[in-house]
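Work through the exercises below with the structure open. Each task is followed by a solution in steps.

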Amino acid sequence: MVNLFLQTCTCADFDAHRIKCKHLYAAEYQLQRESGMEIPTPEKPVKPIYRQEWHAYNLAQVNEKAKFQILLAELSKGIEEPLQTMGRPRLPLSDIIFAACFKVYSTISCRRFNTDLREAHAKGYLTKRPSYNSIFDYFQMPMLTPYLKLMIEESSKPLASVEKDFAVDSSGFSTRRYERWMHAKYSKGQVIDKQTWLKAHVICGVKTNIVTAAEITDGTAGDSPYFKPLVDATSRNFVMNEVSGDKAYLSDNNFKAVLLNGAQPYIPFKSNNNAKDPRQSSVWKRMFHFYMYNQDWFMQHYHKRSNVEATFSMIKAKLGGSLRSKTETAQINEALAKILCHNLCVVIQSIYELGIDPAFWADEL
């Protein structure tokens with residue numbers, strides 16, 4: 001049974017997907033052929049146009065490098081120096097992090113970066129100037145990883161009053177390492193060397209593209225298990241209204257993780273999902289009905305998820321999509337440093353566009 005005025009049909013296809021089915025098309029065609037009556041076509045939605053603050057953008061770009069060093073030095077000095085009980089005395093941890101992140105921001109080799117280090121030391125951002133070889137060594141320190149994650153979260157706090165909606169996704173960063181793969185095509189095996197890559201799982205605000213939490217894993221790691229840790233880390237510093245994610249994050253635990261933090265999840269369902277699945281909880285079934293009967297409204301909110309794609313594009317366009325380090329620990333730290341540098345650039349842009357006055361480690365003071 002077709003209702004042309006309500007654009008509904010009682011077939012299983014329309015009931016499952018809630019989109020225009022073949023019976024609606026057939027009924028419209030038959031009506032036009034018999035009576036000459038034309039069915040009005042729905043108006044296309046107007047694509048929103050986002051205004052660009054070119055004056056603020058130009059000021060941010062012109063002053064970015066100078067502001068970046070100031071903010072990075074302030075952020076690095078808030079790190080508590082760990083106690084060293086043995087081994088050769090190392091540089092202060094704040095100097096290590098500043099030099100490593102500033103090197104990643106420069107996108108040049110360590111030898112050519114030595115000039116920038118001398119200037120940063122002369123301006124007082126460094127208490128001691130490390131050699132270019134020392135930067136390579138410090139990137140391989142496993143203890144650096146939790147500090148970089150903490151600094152990513154801290155660098156996002158100045159925008160806590162701005163960001164309310166968030167998006168989750170992952171993207172790969174290629175490495176300089178190669179692994180042997182067996183490539184089979186048409187039943188003929190061939191041994192090839194394939195470049196390895198790491199995967200960055202991030203959650204970001206959809207308004208400024210600030211990354212509020214990040215995890216780095218092997219390139220073959222799944223996306224869904226890292227959804228809840230990212231959401232929980234963000235909830236410690238932000239009030240969340242919405243969290244968007246693609247179908248890779250579709251699970252009952254992920255729905256509950258968002259709802260328990262007082263936010264609304266926007267994760268679309270797959271075509272083979274149905275509400276009669278006995279394995280799913282009542283929360284999953286309620287979200288399924290909400291998705292099926294409010295698709296137009298749902299997709300308007302889900303569209304915000306595209307901003308996380310823009311976030312990865314910003315990181316890779318400015319800081320590169322490949323990792324120069326050779327060991328796995330150094331590659332993880334380098335990827336986290338890229339995300340931290342991106343956050344500082346977003347904060348600098350927000351200083352000129354939104355008029356914020358960033359202050360790091362305010363909770364610890």
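**Exercise 1. Nonpolar cores**

Task: For this predicted model, state how many residues the largest nonpolar core has and which have the most contacts inside it.

Solution. 
- Step 1. The largest nonpolar core has 68 residues.
- Step 2. The residues with the most contacts inside this core are Phe68, Ile97, Phe98, Cys101, Phe102, Ile216 and Ile339.
- Step 3. Helix α14, residues 328–353, supplies the largest share of the core, 14 residues.
- Step 4. Another core, of 27 residues, lies apart from the largest one, and Phe166, Phe269, Trp284 and Phe298 are among its members.
- Step 5. As background, nonpolar side chains in soluble globular proteins tend to be buried together.

**Exercise 2. Contacts of one residue**

Task: List which residues Phe98 touches, not counting those up to four places away in sequence.

Solution. 
- Step 1. Leave out the residues up to four places from Phe98 in sequence.
- Step 2. With these set aside, Phe98 touches Gln69, Leu72, Ala73 and Ser76, and also Ala120, Tyr125 and Leu126.

**Exercise 3. Helix α14**

Solution. 
- Step 1. Just after α14 comes Gly355, with a positive phi of about 75 degrees.

**Exercise 4. Salt bridges**

Task: Give the count of salt bridges, then classify both partners in the pairs Glu28 and Lys20, Arg236 and Glu153, and Lys157 and Glu154 as buried, partly exposed or exposed.

Solution. 
- Step 1. The count is 14 salt bridges. The cut-off for a salt bridge is a nitrogen to oxygen distance within 4 Å.
- Step 2. Glu28 and Lys20 meet at 3.0 Å, N to O. Buried means under 20% relative accessible area, so Glu28 at 10% is buried. Lys20, at 32%, is partly exposed.
- Step 3. In the pair Arg236 and Glu153, the closest N and O atoms are 3.5 Å apart. This pair links distant parts of the chain, 83 residues apart: Arg236 is in the loop between α9 (227–235) and β6 (242–244), and Glu153 is in helix α8 (residues 144–156). Exposed means over 50%, so Arg236 at 58% is exposed, whereas Glu153 at 16% is buried.
- Step 4. Lys157 and Glu154 form a salt bridge at 3.0 Å, N to O. Lys157 is partly exposed at 23%, and Glu154 is buried at 4%.
- Step 5. A network of salt bridges links Asp169, Asp246, Arg305 and Glu309.

**Exercise 5. The cavity**

Task: Find how many cavities of 30 Å³ or more the structure holds, and state which element gives the most to the lining of the largest cavity.

Solution. 
- Step 1. The structure holds one cavity of 30 Å³ or more.
- Step 2. The largest cavity contains about 30 Å³ of space.
- Step 3. Its lining consists of Ile96, Ala99, Ala100, Pro130, Ile135 and Tyr138.
- Step 4. The elements that give two or more residues to this lining are α5 (93–106) and α7 (132–139).
- Step 5. α5 gives the most, with three residues.

Note on methods
Residues are numbered from 1 along each chain as its sequence is written. This is a predicted model: local features need pLDDT of at least 70, side-chain atom pairs count only at pLDDT 80 or more; totals for chains, interfaces and linings use all residues. Side-chain values use heavy atoms; hydrogens and water are left out. A nonpolar core is a set of buried Ala, Val, Leu, Ile, Met, Phe, Trp, Tyr and Cys residues joined through side-chain atoms within 4.5 Å. Buried means under 20% relative accessible area, exposed over 50%, partly exposed in between (1.4 Å probe, protein chains only). Helices (H or I, at least four residues) and strands (E, at least two) are DSSP runs, numbered from the N terminus. Contact means heavy atoms within 4.5 Å. A salt bridge is a side-chain nitrogen of Lys or Arg within 4 Å of a carboxyl oxygen of Asp or Glu. On a 1 Å grid over the protein atoms alone, a cavity is a set of points where a 1.4 Å probe fits but cannot get out, and a pocket is an open set with protein on both sides within 12 Å along at least five of seven lines; lining residues have an atom within 4 Å of a point. Grid points are joined across faces, edges and corners, and a volume is the space filled by probe spheres set on the points.
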